[in-house]
Amino acid sequence: MSLKRKAVDLAADAAKKPKAEKAITSFFTQPKPKPASSNPEAEIKPTTFDKTAWLSKLTPEQTDLLQLEINTLHDSWLAALHNELTTPDFLSLKRFLAAEKEKGSKVFPPPEDIYSWSRHTPLPNVKAVILGQDPYHNINQAHGLCFSVRPPTPAPPSLKNIYTAIKKDYPDFKPPPKNGGLLTPWADRGVLMLNTCLTVRAHEANSHSKKGWEKFTQKVIDTVAAKRTSGVVFLAWGKPAQDRCAKINGTKHLVLKSVHPSPLSAARGWFECGHFRKANEWLEGRYGKEGVINWDLDVKPEEVGV
């Protein structure tokens, strides 16, 4: 084969290869691109993150404090949030949590579950975001996803009200068996289920508020808004969640607001909010039927993981 012919063949082979940047958004169908003139801010391309190089720059104290993040935060989120992890505020939060452990305080959820939201819903998979507040603070409840509880714990009152609202939108909706409250199927389908605070002292509601989690989880929300510019639905229930979404660009994303599903406020419009159908109608308009979320939860725990 001549050198000229070989060069032509190599060029043809290279032209057939898919572009690398498509891989991170292939988890669900993207909308057809609009003309460049009407779509000036397309989906942000993933940045290259060298985890080994980043680790090599950490101080011994930072390496020690950030072991949980290094080992359990999904790589897609670590790539997006690694700069936040070394800020003075976050390191102060980690020192506070280390002190809680040292004095023997029981903290929920268990350490390995604090970032379970990141592993169930990697950044490129996010279709919708549900915002909670404080983790549940009793035994066998919190496991890193807002509103969700481990079996055999029954669904708490707010979650039961969520089921009622879904049933109103989708009469065929099926909740978890045995009055359960496990929401991992939603997370695995692209619903990021994030609390404002990611930890709490056992039996002491809001005991870890204003320690640094709020700034970190706001960064998570801002990251979704910045990276998933083709469109994500934010479900903001109650004023604290709505405040978190105040700066989200409403032309790129959909922010659905309602009272909180708690029994204390649900009677003021929660059951009529229609958020679950509205979210799907918007997602289908953007992504086609591939973007629609299946809200059914009649799945055995062993089939989805806890």
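The model is predicted, so local features need pLDDT of at least 70 and side-chain atom pairs count only at pLDDT 80 or more, while totals for chains, interfaces and linings use all residues. Residues are numbered from 1 along each chain as its sequence is written, and side-chain values use heavy atoms, leaving out hydrogens and water. Helices (H or I, at least four residues) and strands (E, at least two) are DSSP runs, numbered from the N terminus.

- In soluble globular proteins, nonpolar side chains tend to be buried together.
- Here, the largest nonpolar core has 77 residues, and those with the most contacts inside it are Trp-77, Trp-117, Trp-186, Trp-213 and Phe-216. Helix 10 gives the largest share of this core, 6 residues.
- A nonpolar core is a set of buried Ala, Val, Leu, Ile, Met, Phe, Trp, Tyr and Cys residues joined through side-chain atoms within 4.5 Å. Buried means under 20% relative accessible area, exposed over 50%, and partly exposed in between (1.4 Å probe, protein chains only).

**Aromatic rings**

- The whole structure holds 16 aromatic pairs. Rings of Phe, Tyr and Trp (its six-membered ring) pair if their centres lie within 6.5 Å; planes under 30 degrees apart count as stacked, over 60 as edge-to-face and the rest as tilted.
- One of these pairs is Tyr-115 with Trp-213: the ring centres are 6.3 Å apart and the planes at 70°, so the pair is edge-to-face.
- Tyr-115 lies in the loop between strand 1 (107–108) and helix 7, and Trp-213 in helix 10, so the pair ties together parts that are 98 residues apart in sequence.
- Tyr-115 is buried at 0% relative accessibility, and Trp-213 is buried too, with a relative accessible area of 1%.
- Trp-77, Phe-90, Tyr-115, Trp-117, Trp-213 and Phe-216 form one aromatic cluster.
- Leaving aside neighbours within four places in sequence, Trp-213 is in contact with residues including Phe-90, Leu-93, Ile-114 and His-208. Contact means heavy atoms within 4.5 Å.

**Helix 5**

- Helix 5 (residues 75–85) is mostly covered, with 8 of its 11 residues buried. Among them are Trp-77, Leu-78, Leu-81 and Leu-85.
- The cover over the buried residues of helix 5 includes helix 2 (51–57), helix 4 (67–72), helix 6 (88–102), helix 7 (116–120), strand 3 and helix 10 (213–227).

**Strand 2 and its partners**

- Ala-128 and Ile-130 point one way from strand 2 (residues 128–131), Val-129 and Leu-131 point the other way, and all are buried.
- Strand 2 runs parallel to strand 3 (residues 191–194), joined by 4 bridges; Ile-130 stands opposite Met-193 there.
- Strand 2 also runs parallel to strand 5 (residues 233–237), joined by 3 bridges, with Val-129 opposite Phe-234. Two strands pair if DSSP finds at least two bridges between them.

**Asp-134**

- An unreviewed UniProt entry lists Asp-134 under "active site". UniProt positions are given in the numbering used here, feature names are shortened, and annotations may be inferred rather than shown by experiment.
- Asp-134 sits in the loop between strand 2 and helix 8 (157–169), and at 18% relative accessibility it counts as buried.
- The side chain of Asp-134 reaches the backbone nitrogen of Asn-206 at 2.6 Å.
- Not counting residues up to four places away in sequence, Asp-134 touches Asn-195, Cys-197, Thr-199, Val-200, Ala-205 and Asn-206.

Note on methods. A polar contact is a pair of N or O atoms within 3.5 Å; within protein, one must be able to donate a hydrogen and the other to accept it, and residues adjacent in sequence count only if both atoms are side-chain atoms.
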